[in-house]
Amino acid sequence: MNLSLDIDARKPMPIYAQLEQGIRGLIARGKLREGDQLPTVRQMAVELAINANTVAKVYAELEGDGILATKRGVGTFITKPHPKESAKDRKKEFTLLAERFITDSMSLGFSFDEILHFISSQKKFIT
C-alpha cells in the first residue's frame, strides 16, 4: 500500500512527527477513511526506510488518540474520528495549533499576508 507519505530525514521536524502528521493529513483529506487498513509496522518501516520502532511509536500514539485501532493478528485500521469532549477543548487545541503554524511560518520568513494567501489557496483540503 503506497500512502504517499513524504518522510525526509533532512527536515528539521523529527521523523515520528512527520509520519504522524502525514497519517493525520491523509485522514483529514479523505485519502484514508474509517475502516481502511494501514500497512503493518514492519511494512511501513520498509516502505519509508525508517526504523520500525518509530512506526510503532506513531501507531501507538494515534491509537491512544482514538484515530487507529489495532486488532491483534488482523491489522491496524483507521477508526471513526471522535471529537474532543467539548467545543471549548476543541477551540483551545485549534488555537494552539494555529499559533504554532503561524509562528513557525513567520520564523521561516513568511509574512502574515503570505500565510493567509497560502491558507486560502488550499482548496484541496475541502471535500
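This is a tutorial dialogue on reading the features of a predicted model.

User: How do I read a helix, taking helix 2 as the example, and which of its residues are buried?

Analyst: The general idea is that an α-helix has 3.6 residues a turn, so residues three or four places apart point the same way. In helix 2, which covers residues 41–48, the buried residues are M44, A45 and L48. Seen down the helix axis, these buried residues fall within an arc of 100°, so they line one face of helix 2. On the other side of helix 2, R42 and V46 are exposed.

User: What do the buried residues of helix 2 pack against, and what follows helix 2?

Analyst: The buried residues of helix 2 pack against helix 1, residues 15–28, and against helix 3, residues 52–64. Helix 2 is then followed by A49, a residue whose phi is positive, near 55°.

User: Which residues of the largest nonpolar core touch the most other members?

Analyst: That core has 19 residues, and L5, L19, I23 and M44 are the ones that touch the most other members. Helix 1, helix 2 and helix 3 each supply at least two residues of this core, and the largest share, 4 residues, comes from helix 3. To follow one member in detail, take I23, which touches L5, L32, V58, Y59 and L62 when residues up to four places away in sequence are not counted.

User: How should I read the sheet, and what is the order of its strands?

Analyst: Strands of a sheet pair through backbone hydrogen bonds, either parallel or antiparallel. Here the sheet is an open one of 3 strands, with the order 1-3-2 and antiparallel pairing. Strand 1, residues 37–38, and strand 2, residues 68–71, stand at the edges with a single partner strand each, so one side of each is left without a neighbour in the sheet.

User: How many bridges join strand 2 to strand 3, and which residues stand opposite K71 and T70?

Analyst: Strand 2 and strand 3 run antiparallel and are joined by 4 bridges. Within this pairing, K71 stands opposite G75 of strand 3, while T70 stands opposite T76 of that strand. The two strands form a hairpin with 3 residues between them, and in the turn G73 has a positive phi of about 80°.

User: Where does helix 3 lie with regard to the strands?

Analyst: Helix 3 lies across strand 1, strand 2 and strand 3, and it runs at about 110° to strand 2.

User: Are N53 and E61 buried, partly exposed or exposed?

Analyst: N53 lies in helix 3, and with a relative accessible area of 61% N53 is exposed. E61 is also found in helix 3, but E61 is partly exposed, with a relative accessible area of 34%. N53 and V41 are 12 residues apart in sequence and 8.2 Å apart in space, C-alpha to C-alpha, whereas E61 and E20 are 41 residues apart along the chain, with their C-alpha atoms separated by 8.5 Å.

User: What is the place of T79, and why does T79 count as buried?

Analyst: The place of T79 is in the loop between strand 3, residues 75–78, and helix 4, residues 87–107. The cut-off for a buried residue is under 20% relative accessible area, and T79 counts as buried because its relative accessibility is 19%.

User: Which residues are in contact with T79, and what does its side chain reach?

Analyst: Leaving aside neighbours within four places in sequence, T79 is in contact with E34, G66, I67, L68 and A69. The side chain of T79 reaches the backbone oxygen of G66 at 2.5 Å.

Key:
Residues numbered from 1 in each chain as written. Predicted model: local features only at pLDDT ≥ 70, side-chain atom pairs only at ≥ 80, totals over all residues. Heavy atoms only, no water. Buried < 20%, exposed > 50% of the residue type's maximum accessible area, 1.4 Å probe, protein only. Arc of directions from axis to C-beta. Contact = heavy atoms within 4.5 Å. Polar contact = N/O pair within 3.5 Å; in protein donor to acceptor, adjacent residues only side chain to side chain. Pairing = 2+ DSSP bridges. Axes fitted to C-alpha atoms, helices over the stretch in contact; angles between N-to-C directions. Core = buried A, V, L, I, M, F, W, Y, C linked by side-chain atoms within 4.5 Å.
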